[in-house]
Amino acid sequence: MNSDLRHTRNIGIMAHIDAGKTTTSERILYYTGRTHRIGEVDSGNATMDWMVQEQERGITITSAATTTFWKHRDQIYKINLIDTPGHVDFTVEVERSLRVLDGAVAVFCAVGGVEPQSETVWRQANKYNVPRIAFVNKMDRPGADFLGVVQQMEEKLGAHPVPVQIPIGAEENFSGLIDLIEMNAIIFEDGDDPLQNYAIKPIPDFMKEEADEWRMKLVEACAEMDDSILERYLEDHESIDSEELIKVLRRETVEGVIVPVFCGAAFKNKGIQRLLNGVVAFLPSPVDVGAVKGHDPRDEKEVLRNPDPDEPFAALAFKIATDSYMGRLVFMRIYSGTL
């Protein structure tokens, strides 16, 4: 099996309109070094909103695809990113994209929570069995409620959200995150360089009780899904280390059982680096997804194709675009073989 595929993530960003989906995508491109200027939706210069109509209206109409790279724990990962529309009128475009994804980041507004189009794209992701992590965005906005959004994910989406972070403060007092896996604090700092806008510090005293409570809930969630963790939990829960938790969280995310939940404020460049760590840590590679089923166009027989460059070529064209310089472009997801 091609080892490089284990370090590849084919992901999409999905959300209700105005949840901050394209803004999150733009920050991902900036922090991974794909762009050297942060594009803004409101300014009409977002990299992922390339159509004139998108720039004029400040919404995503067509799915945009790009490739970038992220280094996590001394390993470089390749991320193929698709930014999908959030407006209900372009639902078909979302479904076409979800069909070719291995994983997705569901963006929720910390104020609006789970909104109607959030439910629509969630059902579409369920249809294609796409594993997800969640990002509760706009934690700096008045009325932001992280735990309220987590509760809505359970009640409205029927999901099993598992927070791996909790915010330090909210609204104008949103100042950092508590990492419930490593049990430390990420404190955001003001500065001219968005790439160096945080510091890792011990958990503040006023947050220790809440952090311990949510750490215990995280461990309990893992214990419910893993017998070895359950045994350790009953004997000495403090002996369970971060690597064990990550292993269980990844396995259950890939299986579609749980949804790890992150938080931040994309417009203020807060929480994106940790979200990227979550993308590569929890979402599946093509190898994790395994063989795909298809039909031979010559005789309509069902065939399996493994994610292997040495197998016969198989791909799905999911998007056609016309570029004024390049002409007609066809975006394809290659499942096996080499083009």
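Mentor: Glu171 sits in the loop between β7 (165–168) and β8 (176–179); helices (H or I, at least four residues) and strands (E, at least two) are DSSP runs, numbered from the N terminus. This is a predicted model, in which local features need pLDDT of at least 70, side-chain atom pairs count only at pLDDT 80 or more, and totals for chains, interfaces and linings use all residues. Residues are numbered from 1 along each chain as its sequence is written, and side-chain values use heavy atoms, with hydrogens and water left out.

Glu171 is not a glycine, yet its phi is positive, at about 55°. Most residues other than glycine have a negative phi. With a relative accessible area of 34%, Glu171 is partly exposed, that is, between buried (under 20%) and exposed (over 50%), using a 1.4 Å probe and protein chains only.

Further along, Met183 lies in the loop between β8 and β9 (184–188). Met183 is also a residue other than glycine with a positive phi, near 55°. Its relative accessible area is 25%, so Met183 counts as partly exposed.

As for the setting, the chain has 10 helices and 15 strands. Of its 339 residues, 53% count as buried. Among contacts (heavy atoms within 4.5 Å) between residues at least 6 apart in sequence, 64% join residues at least 24 apart.
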